[in-house]
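This briefing is meant for a reader who is coming to the structure for the first time. Please look over the sequence and the model before turning to the points that follow.

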Amino acid sequence: ALPISFDWAWRAFGAASGLGFAEAMRIVQAMAPGADGLVFVPYLAGERSPFWRDDLRGMFVGLHLGHTWAHMLRAVVEGVGLCTRLMLERFARLGIPSPIVAVSGGAARHTIWQRVLADTCQRTLALYGSDSAASNVVYALCAQVLEPGVPFAETLNRVFGSPTLIAPDETTEGTYARAYALYRHHLDSMLQMRS
């Protein structure tokens, strides 16, 4: 399944374009990174981790007259990536660095999500192909408990098969660093206002 924010955005903006989902995704994927300065904070229904706040709300930041439905959809995809980047930074501060991010199923089957996630987070994705991703991850975690000396990456490979590695496009680093700074600024402001 696609993230709920994208499902909302597709119904609100994309479907009105008259194009089918696949064609609209090709248009969004062909757009330049950064959605022409438009940033989306994806908390449409609150957020669980790391905030556990059901009062957080989503927002578009930087919207101008030149933006189209495609910019808005692109910003939503990138906003989900920026949210993931925040989580990875939180893990790193807790001493759990994630130089490679393992993804499988759901949105990860779509090329645009793979590219945007790698680029917004500036990390390599290990893409595992499987339709039963959740149960396979649980199996891999159980196997890790039963075989604590085996590296988790090896356990994942045994369960899923070898992943496809997707390296970040380093030319997008500046674009997404600016988008992330804007995302964090507005998120931090919202958190302060609602505390």
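Which residues does Phe6 touch, not counting residues up to four places away in sequence? In this predicted model, Phe6 touches Phe21, Met25, Leu73, Val76, Val77 and Trp113.

- As a general background, nonpolar side chains in soluble globular proteins tend to be buried together.

**His71 in helix α3**

- His71 is found in helix α3, and it counts as buried because its relative accessibility is 14%, where the cut-off for buried is under 20%.
- Leaving aside residues up to four places away in sequence, His71 touches Met31, Ala35, Asp36, Leu38 and Gly66.

- Three strands form an open sheet with mixed pairing, in the order β3-β4-β5, and its edge strands, β3 (100-104) and β5 (164-166), each pair on one side only.
- Neighbouring strands of this sheet are turned against each other by 30° on average, with direction ignored.
- Strand β4 (residues 124-128) pairs with β5 in the antiparallel sense over three bridges, and Thr164 in β5 is the bridge partner of Leu127.
- Helix α6 (residues 152-160) packs on the sheet, where it touches β3 and β4, and its direction makes about 35° with that of β4.

**Helix α7**

- Helix α7 has 21 residues and reaches 30 Å from its first C-alpha to its last, which is close to the 30 Å expected at 1.5 Å a residue.
- The buried residues of α7 are Tyr176, Ala179, Tyr180, Tyr183, Arg184, Leu187, Met190 and Leu191; they lie on the same side of α7 because they cover an arc of only 140° around the axis.
- These buried residues of α7 are covered by elements that include β1, β2 (59-61), α3 and α4, whereas the face turned away from the buried side carries the exposed residues Arg178, Gln192 and Met193.

Definitions and conventions:
Residues numbered from 1 in each chain as written. Predicted model: local features only at pLDDT ≥ 70, side-chain atom pairs only at ≥ 80, totals over all residues. Heavy atoms only, no water. Contact = heavy atoms within 4.5 Å. Helix = DSSP H or I, 4+ residues; strand = E, 2+ residues; numbered from the N terminus. Buried < 20%, exposed > 50% of the residue type's maximum accessible area, 1.4 Å probe, protein only. Pairing = 2+ DSSP bridges. Axes fitted to C-alpha atoms, helices over the stretch in contact; angles between N-to-C directions. Expected span 1.5 Å × (residues − 1). Arc of directions from axis to C-beta.
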